[in-house]
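Have the viewer open while you read.

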Amino acid sequence: MKYIKPALAAMAAACLLAGCAGTDTPAGSQGSAGTPQAETKIVDYVAAAMEAGDRLTSSNYFLAEDGSVLTCKEDSWGNFAADAAAIANKKKLAVSASRMTVFTLTQNGDLYYRKEKVAEGVGDIVYATTNVNEEGRFLSGDKVYRVACTDAGNVNASLRESAPENYVDVSGGKTVTLFPWNNNFLNVSTEKGAPVSGALTGLGVDKHDFFLLNGEGRVFLEAGSGTDYTGMDCFGWKDMAVIGAAKYMEEPSLTVAGIRRDGTVLACGDYAADILSWGPLADLSMSDGMIVGLTKDGALKMTGQYAEFMADEVESWTNIAAVQVGSTSKIQAIVNAVGTDGKFYHLEYDSRWTELTVGVLNPAAGTAENSARWYRYAPDGTVSRTSDTGGWEPYEAD
């Protein structure tokens, strides 16, 4: 089996953890950027939220401190959670909207599909938030890679022969495809767009629109859905640590926002004023009709089209360490969070149902609130679920 091993991965990892230089104040952005230091590191409270956020996904999957993989409401389709749990030193999960593809990223940059390593030197990974043409992007050194999993029989034989290093056969008759993708990312603030270059530090995604941060914290875009971002202030920003977008299609709206390494919040688009009214943020997660910010004191703020239905519950959560919004092919809107005490929070909204689904779990004790069922896939291969009387009980997965 072959897998990619980019040479410059260490540079991206170091930049992601420590922050990179950025001295300009963004031009044309809303909010006061202040005057950053000559070499700005990510402030402690933002860095802590970024680390805690790796335990969350945009789906119903969570990473527990003991290495277990947890799911809320439903057990894991296809045994993906058990395979991910078996991987040592996990950092993050990337789950497709259909939940039929799960990648596991380790602390030392190894990327796994099920229990099989497919890449090394990976700094970050995100996955498209729709189940049409499911694919993701990951960072490695000075390159972005397109990653997807397909049936081996669907792979174009001539393309594979011309670049065999871009294909990894894995279990279940599947093939993971890995293609360098840098030239598709542009900074659209200039007339023709400037291609990304240099070390890469972060990713964001909504639908099939992927955002990229380079070593200067500049924002680059690969717009996969035809949305026109031309003229948006975000492409003049620098020194960004977190970037995201919320694009709502039914009543068209578009917002791009992020947090700089010095903690400054920047936003442009339809919901920019709401975001900026929240003050300093430790974390910010956006997708579709959901925009949720985490204040420095652990409170959550929500705006966007789904706030009408979800904000009362979301904003009732306290002592939160990180937040992640998302959706699946079955659930219209999801908000996940992890508390400073290690509790996990999961909220589902779908316009087809009459009630919200809310789950709160203490993973150490196996105690769940609001009658939501949680499932635990442990590194040793055992599977359990929360019982009606509290605590974990053995469960036989399909």
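1. In which sense do strand 4 and strand 5 pair, and over how many bridges? They pair in the antiparallel sense, over three bridges. If you want a place to look, T104 stands opposite Y112 of strand 5. Keep in mind throughout that this is a predicted model.

2. Carry on to the next pair. Strand 5 and strand 6 (residues 116-119) are also antiparallel, again over three bridges. Here Y112 stands opposite K117 of strand 6. So Y112 has T104 across from it in strand 4, and K117 across from it in strand 6. The two strands make a hairpin with two residues between them, and R114 in that turn has a positive phi of about 50°.

3. Next, D110, which sits in the loop between strand 4 (102-106) and strand 5 (111-113). Buried or exposed? D110 counts as buried because its relative accessibility is 11%, and the cut-off for buried is under 20%. Leaving out neighbours within four places in sequence, D110 is in contact with T104, L105, K117, A119 and E120.

4. N60 is buried, at a relative accessible area of 2%. What does its side chain reach? A polar atom of the N60 side chain lies 3.1 Å from the backbone oxygen of C72, and the side chain also makes a polar contact with that of R99, at 3.4 Å. Not counting residues up to four places away in sequence, N60 touches L70, T71, C72, E74, R99 and H346.

5. Finally, the whole chain. It has six helices and 30 strands, and 58% of its 398 residues are buried. Among contacts between residues at least 6 apart in sequence, 48% join residues at least 24 apart. The chain exposes about 16400 Å², with carbon and sulfur atoms supplying 47% of that.

How values were computed
Residues are numbered from 1 along each chain as its sequence is written. This is a predicted model: local features need pLDDT of at least 70, side-chain atom pairs count only at pLDDT 80 or more; totals for chains, interfaces and linings use all residues. Side-chain values use heavy atoms; hydrogens and water are left out. Helices (H or I, at least four residues) and strands (E, at least two) are DSSP runs, numbered from the N terminus. Buried means under 20% relative accessible area, exposed over 50%, partly exposed in between (1.4 Å probe, protein chains only). Contact means heavy atoms within 4.5 Å. A polar contact is a pair of N or O atoms within 3.5 Å; within protein, one must be able to donate a hydrogen and the other to accept it, and residues adjacent in sequence count only if both atoms are side-chain atoms. Accessible areas come from the Shrake-Rupley method with a 1.4 Å probe; for residues, only the protein chains shown count as cover.
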